[in-house]
Amino acid sequence: MSTIISLVNTRIKELQKLIVKDKIELEPWKTRHSFYKSFGEYEFIDDNSEILVGDIWARTGQTAFMETSFTVPMNWKDEYIGFEFITGGEGLLNLNGKPYAGVDDNRGYIRITQNAKVGETFDFNIEIKTGRAWEYLPNRDNPTEPFILQKSNLIIIDKFIESVYYDFYIPASFAEAYKDELLKNKIFQIIYDAFKLCDFTDKKSHKFREGLAEADEYLKKELNKIDWHKPLGKNYYCGNSHLDLIFLWPFKETERKVGRTYNTLITLMDEYPEYIFNLSQVPVYKLLSKHYPDTYKQILSYIKEGRIEPMGGTYVQNDTNLVSGESLVRQCLYGKRYMKEVLGCDVRVGYLPDVFGYSYALPQIYKKCGIDYFVTTKLSWQDTNKFPYQVFWWEGIDGSKLFTYLPWTCVDYLKVPKDHYKVLEHYEDKLKCSDYLALIGWGDGGGGPTRMDMEALRRMKSLPGVPESKFSKVEDFLDHAKEISHNLPTYNDELYFEYHRGTYTSQARNKKFNRKSELKLRDAEILCVIASLYGFAYPREELKEAWEKVLLNQFHDCIPGTSIAEVYKDSNGDYEKIFEITDCIISKSLETLALKADTSQEGKPIYVFNTLSHQRSDIAEIKVKDDKDFAVYNSKGEEIPSNQFDHKIIFYADSIPSMGYSVFYLKEGKNPLPSPFDFKDNSVSTPFYDVRLNEDGTIGQIYDKNNERNVLPSKARANVLQLFEDKPTDWDAWEIEHDFENRKWEWTKTAGPTLIETGPVRMVLRSEYKTEKSTLSQDIIFYAHKPTIDFKTSVDWAEEHTLFKVAFPVDVKSKVATYEIAFGNIKRSTTNNTSKEQAQFEVSGHRWADLSEPDYGVSILNDCKYGWDIKENIMRLTLLKSPKWPDETCDKGCHEWTYSLFPHKDNSLTPTNRQAHNLNTPLYAVMTDNHKGYKETDSFATVLKGNVIIDCVKPAEDDDKIIIRFYEPYGTRGVVKVKFINDIISCEETNLLEEKIDSDFKVVENILTFYAKPFEIKTFKLIF
């Protein structure tokens, strides 16, 4: 049989050589070189010159503009003409002045015309950049590497020969991959016998073509007779191009990539009427509309025909581990609205193919946004445990269920036939759901399916050894799959990804800016809405602009820290704009609100606003310009504790109402209240704790006075600043290896602790640390009225391949730790009993993590970190990671963050949650003038009963009503009562898309009453 296989493959290669009947080299090309600045903007570095095949067309980092033309000669009349162009680059062909198709080395040939007319002229204009995905990465070996024009041909395609070639090549190539030797041998015997019907000695003769037609007919007839070993089920295919919006290239390159990818799509769709393609991500559509309007119109036309399927339902293919619950909602809100209003499609498929783990909150959010299905492929990359299912019900934190499907891959190209056969091998849920889905096309940098894909799928419809295959929309397949599936398992947990654990930490600045932007947008919207009750004009467009920038930067290769340096330069610019917008709006809103308050008492009024939905007593501060002594008084005329330090007044603002304000007064005069702190011989006494500091800067003991117990075990070393060698074997910015602790060391204390500040409010001790390359300054802040201990840290970081964690061993024993996630919390094991537990040696969490016994616990809070590691009784927060690839400068420079220790009575999470929110959302304190007003303290909304958090207050998208979103964060249930500042004129409950739903709630005057289930998100639309 090996001889037959060899002979068959020889004949197929002979056929392949006959596909091109004639060719000419298309040259010379007029070429001009430039550096690409932004879409439509270039820095040209020379004038036009002519190049030929074999010449250098550009050097690394350049964009070339190439043009030539071709006039059809007499001997090419009525022929099918294609274009071959091999350069090592990636570009867009404009044919006769219009975008036509992407050009890269994966395309094969590009059809120019099916029926050439003599004298017809084709103008070729190509904008092409060097390299593909790697161009923007530093090339240390040869930064001016030449790129050679290797091939530039116009070819006449013999469509009959080409079709027959595919008829023989596709079955042979698949058969060669089969494990069933009988089937393989049978197919090759049929092909061999078919070829015997054709005389290959004179391939230019009419007899040869007749024989080839007879062989082709025989092949098809005999293959159709094979009726054994037919695989179970049917295979559904959908075209796809996983186009990373930002990754190893900046967004400005994506503006060009969409032109290349989707003009190729349109060109192939014109040629292959069966072709169906899915297209996700709103920025892609917006870029096409802006830069390629004719292409966009054609895409809209194909959407109406049902051949292009808008998919995903989110603004971008966003990360889900690192973003807030409200961000997950806005991804869907802005994504679904655009697709419905602009594209005319109500998208029901959630599509995050390449995201590095999936939040436990996602099923509820998706279901309440009208998304019924979830598709991803990334879980097939697990490094420790194979994910157990491919078709299953994914149950989220609240009990919501999503029908979930995991294709083998849609990120990388499925090569014909090897990878298509792997799709069959990797699909193990055939007994639960016999049919399955494959997504095809070049990805990461775009590209999509090729001509080979189209031809292969045409022949796979009835190919022996391959299930019956057809193109399908993903949504149609999932509707069908759900209907035919039975005995599907339910997976009730987060979809933790056992890989890419470093993405919780890499590019720390970017993650900090994301956290701050989410919180600033929350506060800006809340303050605007409240101020709008007093005539403030709500700045809808500015806030939408800010939100869209946030959502874009939550793309799954941006916020995880896995992109090139230029991406983060652009991202920093976006965040600067976001902060500019939100700071201005917050300032103007507070100014409006302060003018409505009663600030008529003696002294300089300080208006303090709390945007959180719980009453809080916390620290506020204001700046003063002169060196006079000041004291702060409440509205009852009572002096309150304050510190004066570094031209700031830090004061204790007691009982600030939820989503409300109180007025304080600043008066000249020294604050006579005593300091409750004592610091001597590395020992600290505070109203809450007795603390002993070790000589190396770590903490040896924390005694909790109120609860009469030690927080740390005996002979402890806590607040240990640990460093680890971090050299992943692969995916530098993405990974933390499981054995990262094999080589570790610590920062060296060089100075301190030094008393920096003390007074009635707080005491600050400062210590200095260093490594051979980096320096660190840390202020430990003890409070007189708050039971948290803050660690405000500043680092000048110059390390490479180093991981930085802080460790707290605590005197608490528990088999689980609890972590805040979007709209709730999750419990994870602190033991390593199973391979699943061992694989979770680094996990994601948001503002806090907690380790508790029934009657006591310890929480760690933070203001911008996401990587955690809690095993046995050691709680660790990951602070920095310094990979060299793909950004060799990753996180070098200065950083600031604060983490806090919060020991607490019993295992209730409410105090932890509130302290963490307080840390992340400081009180707003602004100076105003003396004037008469409404009240000296008031609340916009007060939760009278129930464990819910008000996380969003915003105007409705479609009218002037107000959207208020609650969530239950602890896993409890019960009646909720919320009192508002004004009577409620009308109220309706909505889903997360702000569409009315039927529900039970009650409104009496200014009180809304409803029932909340564990971790439930509730959204209401109101008029006051």
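Me: At what angle do helix 2 and helix 4 pack, and how far apart are their axes?
Reply: The angle is about 35 degrees and the axes are 11 Å apart. Axes here are lines fitted to C-alpha atoms, for helices over the stretch in contact, with angles running from 0 to 180 degrees between N-to-C directions. The model is predicted: local features need pLDDT of at least 70 and side-chain atom pairs pLDDT 80 or more, while totals for chains, interfaces and linings use all residues. Residues are numbered from 1 along each chain as its sequence is written, and side-chain values use heavy atoms, without hydrogens or water.

Me: In what sense is the crossing of helix 2 and helix 4 handed, and which residues make the contact?
Reply: Helix 2 passes helix 4 in a left-handed crossing. The term applies if the near helix is turned anticlockwise from the far one by less than a right angle; clockwise would be right-handed. Contact (heavy atoms within 4.5 Å) involves residues including Phe160, Val164 and Phe168 of helix 2 and Leu212, Asp216 and Leu219 of helix 4.

Me: What makes helix 5 oblique to helix 7?
Reply: Their axes come within 10 Å and cross at roughly 50 degrees. Under 35 degrees counts as roughly parallel, over 145 as roughly antiparallel, 65 to 115 as roughly perpendicular, and the rest as oblique. Helix 5 is therefore oblique to helix 7. The contact includes Tyr262 and Ile266 of helix 5 and Gln298 and Tyr302 of helix 7, and the crossing is left-handed.

Me: Why is helix 6 called oblique to helix 8?
Reply: Helix 6 (residues 282-291) and helix 8 (residues 325-341) pack at about 45 degrees, with axes 10 Å apart. That angle makes helix 6 oblique to helix 8. Val282, Tyr285 and Lys286 of helix 6 meet Tyr334, Gly335, Tyr338 and Met339 of helix 8.

Me: How do you know that the span of helix 3 is close to the one expected?
Reply: Helix 3 has 15 residues, 181-195, and reaches 21 Å from its first C-alpha to its last, close to the expected 21 Å. The expected span is 1.5 Å times one less than the number of residues. Helices (H or I, at least four residues) and strands (E, at least two) are DSSP runs, numbered from the N terminus.

Me: What caps the N-terminal end of helix 3?
Reply: Asp180 does, with a side-chain oxygen 3.1 Å from the backbone nitrogen of Leu182.

Me: Why is Lys1018 called buried?
Reply: Buried means under 20% relative accessible area, exposed over 50%, and partly exposed in between (1.4 Å probe, protein chains only). Lys1018 has 6%, and therefore counts as buried. Lys1018 lies in strand 60 (residues 1017-1023).

Me: What joins the side chains of Lys1018 and Glu989?
Reply: A polar contact of 3.1 Å joins them. The term covers a pair of N or O atoms within 3.5 Å; within protein, one must be able to donate a hydrogen and the other to accept it, and residues adjacent in sequence count only if both atoms are side-chain atoms.

Me: Does Gly89 count as buried or exposed, and what does Gly971 count as?
Reply: Gly89, in strand 8, has 0% relative accessibility and therefore counts as buried. Gly971, in the loop between strand 55 and strand 56, has 33% and therefore counts as partly exposed. Leaving out residues up to four places away in sequence, Gly971 touches Pro1014 and Phe1015.
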